[in-house]
Amino acid sequence: MENFTYYSPTLYEFGRGTEEKVGMLTFLTGATKIMIVYGKKYAKNNGLIDRLENSLRTIGIDFVELGGVEPNPTDTLVYEGIKKGRAAHIDGLLAVGGGSVIDTAKAIAAGIGYKGDFWDFFTGKTQVTEALPVGVVLTIPGSGSEESGNTVITRTTDVESPVKIGLRTDSILKPRFAIVNPEMTFTLTAYQTAVGVVDMMAHILERYFSNTTRVEVTDRLAEGLLMSLMTEAPKALADPTDYQARANIEWAGTLAHNGLVGCGRQEDWASHAMEHEISAAYPKVAHGAGLAVVIPAWMAFMAHHKPSKVAQLGRRIFDVDEKDDRVAAIETVASLRAFFSAVLRMPLTFKELGIENPDIPALVARLHANKGEEIGGYYRLKAADTQQIYELMNQ
């Protein structure tokens with residue numbers, strides 16, 4: 001196990017009716033005028049935004065709205081939010097929605113006080129040193145953005161093709177509070193629920209696949225979360241109003257991405273990088289659906305190149321009873337694919353994603369242009385390797 005620092009400044013309010021506390025929680029951040037960021041329909045049409053605004057008025061907090069966030073959020077709305085926020089002199093943000101909404105709010109929070117282009121943070125030109133406080137009312141679980149310092153934005157301005165890049169901070173962009181009421185997820189479709197579960201599992205696996213040895217506690221935390229998700233997801237799919245199943249899924253989603261299961265070890269993140277190129281090039285692809293295609297292909301590659309941790313996963317999660325690591329790893333991939341396909345009804349190939357003729361050379365070229373000659377922590381992947389993994393998704 002390696003040295004690590006774990007800091008989680010997010011105040012987490014979980015359970016029925018917790019959204020009623022938004023006024024007081026916002027007040028505690030020190031904000032007096034905030035921007036409420038949300039998507040297109042759900043939060044506005046079902047009266048949630050009105051209820052939140054009433055809570056804010058009661059406590060004396062002013063606000064402006066920024067709606068219209070779409071999946072795979074782009075820089076366009078971030079620029080609009082920065083401009084609008086500066087004009088309104090906001091001193092905080094409230095994200096009401098899922099990962100796309102939260103990521104947009106975080107990017108605005110970082111960019112609003114910065115004199116340059118907020119995209120400088122994403123290209124590594126400069127680092128985020130200050131940001132406005134962000135609060136979250138979570139309505140779509142999966143991204144874990146409600147308690148992470150990460151944000152992912154797609155660049156569409158002044159580029160030949162979309163560029164999707166993640167920005168990671170230790171604490172500056174971690175929300176000050178997160179309100180999580182599982183009842184808000186009752187109306188999610190089976191597809192929305194499933195893509196969220198895949199995203200959660202991916203966040204765990206990206207940390208689980210590591211070369212750091214003797215991290216038994218962290219490994220077992222990761223394995224426990226994976227097993228819990230695989231137990232609770234079918235219950236939520238069978239009965240969308242199963243509060244306990246929804247509650248367990250949402251809590252797992254937060255723990256999957258708040259840094260806990262990465263403590264004391266190096267991480268991988270190659271699968272996320274590869275998926276970002278897919279959903280950047282094909283914006284209709286939901287991030288979780290893309291990950292359902294990428295992760296088994298990545299693991300199939302590892303079964304032949306570095307099978308040990310894949311085999312461990314299979315033995316501990318899928319009851320794989322095989323001594324040879326390579327064979328065990330292959331069985332593990334088959335088990336994961338079966339869960340994604342048969343239980344979650346997720347795609348496993350480009351074709352099932354709705355991409356008939358993927359431009360794999362272009363995906364590989366953009367991937368390494370954005371992420372470097374080699375990617376990944378568990379196994380360093382060069383262009384020939386990522387080409388092979390993308391080809392596995394095309395079978």
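**Notebook: aromatic rings and one buried threonine**

I began with Trp-119 and Phe-122, which both lie in helix α6 (residues 119-123), three residues apart, about one turn of the helix. Helices here are DSSP runs of H or I, at least four residues, numbered from the N terminus. This is a predicted model: local features need pLDDT of at least 70, side-chain atom pairs count only at pLDDT 80 or more, and totals for chains, interfaces and linings use all residues. Residues are numbered from 1 along each chain as its sequence is written, and side-chain values use heavy atoms, with hydrogens and water left out.

I looked up the aromatic pairs and found 14. The ring centres of Trp-119 and Phe-122 are 4.9 Å apart and the planes are at 10°, so I logged this pair as stacked. (Rings of Phe, Tyr and Trp, the last by its six-membered ring, pair if their centres lie within 6.5 Å; planes under 30 degrees apart are stacked, over 60 edge-to-face, the rest tilted.) Phe-339 and Phe-340 are a tilted pair, 6.4 Å centre to centre with 50° between the planes. Tyr-79, Phe-118, Trp-119 and Phe-122 form one aromatic cluster.

I then checked burial (buried is under 20% relative accessible area, exposed over 50%, partly exposed in between; 1.4 Å probe, protein chains only). Trp-119 and Phe-122 are both buried. Phe-339 and Phe-340 are buried too.

Last, I looked at Thr-104, in helix α5 (residues 99-111). Thr-104 has a relative accessible area of 1%, so I noted it as buried. Beyond its neighbours within four places in sequence, Thr-104 has contacts (heavy atoms within 4.5 Å) that include Val-37, Leu-77 and Ile-153.

Technical notes: Helices (H or I, at least four residues) and strands (E, at least two) are DSSP runs, numbered from the N terminus.
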